[in-house]
Structure formats: C-alpha cells, structure tokens
Amino acid sequence: MLQIHIDENEILDIAKAQIRQHLEQTHADVFLWDMEELCRQTNLSKSFILKSFFYEEDFPKYRAGTKWLMVGEEVRAFLKDWLRRQDKNLNK
C-alpha cells in the first residue's frame, strides 16, 4: 500500500514564498506612479506626502499635463535617503 504524508507547514511556507515573489515582481512591474500609487506603495496619506517630501527640490516627479508622475525606482531611492535623514534629525 502506498501512503503519502504531506507536511502542511512546508506547503504553506512554499505557497507564501511564491506569493511573496509574485508580489515583488508585480511591484517591480509598475514603472510609473501617480499620487494614488505613491500613497499605496508608501502606505502614507496624500497630505503627509505633500507636507513631508513631495515639494522637496530633489524629489523625482514629472508633470504630464495636470498630472504628477513618478518613476517608481527613482522614488524608492529617494525615500530610502529621505528616511535616513529623518532618523538622523530625530537623533539630534
């Protein structure tokens, strides 16, 4: 007789890894962000973004007609640096 034993925890770990990989790929596929996508990607409100860093001179944004667009990769790089600066400012 053939018996098959399935480790449910291992299956869950594999499924989670596959889902995580898919989500990372999906996020990488979004080249241009608008304000709604910026809010979604950062989990920050529009008002916080506008008050905190949107109008900084080096924030990478481009005007297309009446719409602001951002390149996701550029924004990620900016935000990593911006966040480090916030941490340094708090520790002064």
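Which residues are linked with Arg-85 in a network of salt bridges? Glu-56 and Asp-81 are. A salt bridge here is a side-chain nitrogen of Lys or Arg within 4 Å of a carboxyl oxygen of Asp or Glu.

## About the model

This is a predicted model, where local features need pLDDT of at least 70, side-chain atom pairs count only at pLDDT 80 or more, and totals for chains, interfaces and linings use all residues. Residues are numbered from 1 along each chain as its sequence is written, and side-chain values use heavy atoms, leaving out hydrogens and water.

Helices (H or I, at least four residues) and strands (E, at least two) are DSSP runs, numbered from the N terminus.

## The salt bridges

Side chains of opposite charge can pair when their charged atoms come close. A search of the whole structure finds 4 salt bridges.

Arg-85 takes part in a bridge with Glu-56, with the closest N and O atoms 3.4 Å apart. This pair links distant parts of the chain: Arg-85 is in helix H4 (residues 72-90), while Glu-56 is in the loop between H3 and E2, 29 residues apart. Arg-85 also bridges to Asp-81, and here the closest N and O atoms are 3.2 Å apart. Arg-85 and Asp-81 are 4 residues apart in helix H4, so about one helical turn separates them.

How open are these residues? Buried means under 20% relative accessible area, exposed means over 50%, and partly exposed lies in between (1.4 Å probe, protein chains only). Arg-85 is partly exposed at 28% relative accessibility. Glu-56 is partly exposed at 22%, and Asp-81 is partly exposed at 36%.

## Helix H2 and its ends

Helix H2 spans 35-42.

Within H2, the buried residues are Met-35, Glu-37, Leu-38, Cys-39 and Thr-42. Glu-37 has a relative accessible area of 14%. Glu-37 forms a salt bridge with Arg-40, the closest N and O atoms being 2.8 Å apart. Both lie in H2, 3 residues apart, about one turn of the helix.

Just after H2 comes Asn-43, with a positive phi of about 60°. Asn-43 is not a glycine. Most residues other than glycine have a negative phi. Asn-43 lies in the loop between H2 and H3, and counts as exposed at 72% relative accessibility.

## A buried lysine

Lys-61 sits in the loop between helix H3 (46-54) and strand E2 (62-64). Lys-61 is buried, yet has no salt bridge. The nearest side chain of opposite charge, Asp-58, is 8.0 Å away. For charge, Lys and Arg count as positive and Asp and Glu as negative; His and the chain ends are not counted.

A polar atom of the Lys-61 side chain lies 2.8 Å from the backbone oxygen of Phe-54. Leaving aside residues up to four places away in sequence, Lys-61 touches (heavy atoms within 4.5 Å) Phe-54, Tyr-55, Glu-56, Trp-68, Leu-69 and Met-70.

## Before helix H1

Leu-2 lies in the segment before helix H1 (8-29). Leu-2 is exposed, with a relative accessible area of 74%.

Methods:
A polar contact is a pair of N or O atoms within 3.5 Å; within protein, one must be able to donate a hydrogen and the other to accept it, and residues adjacent in sequence count only if both atoms are side-chain atoms.
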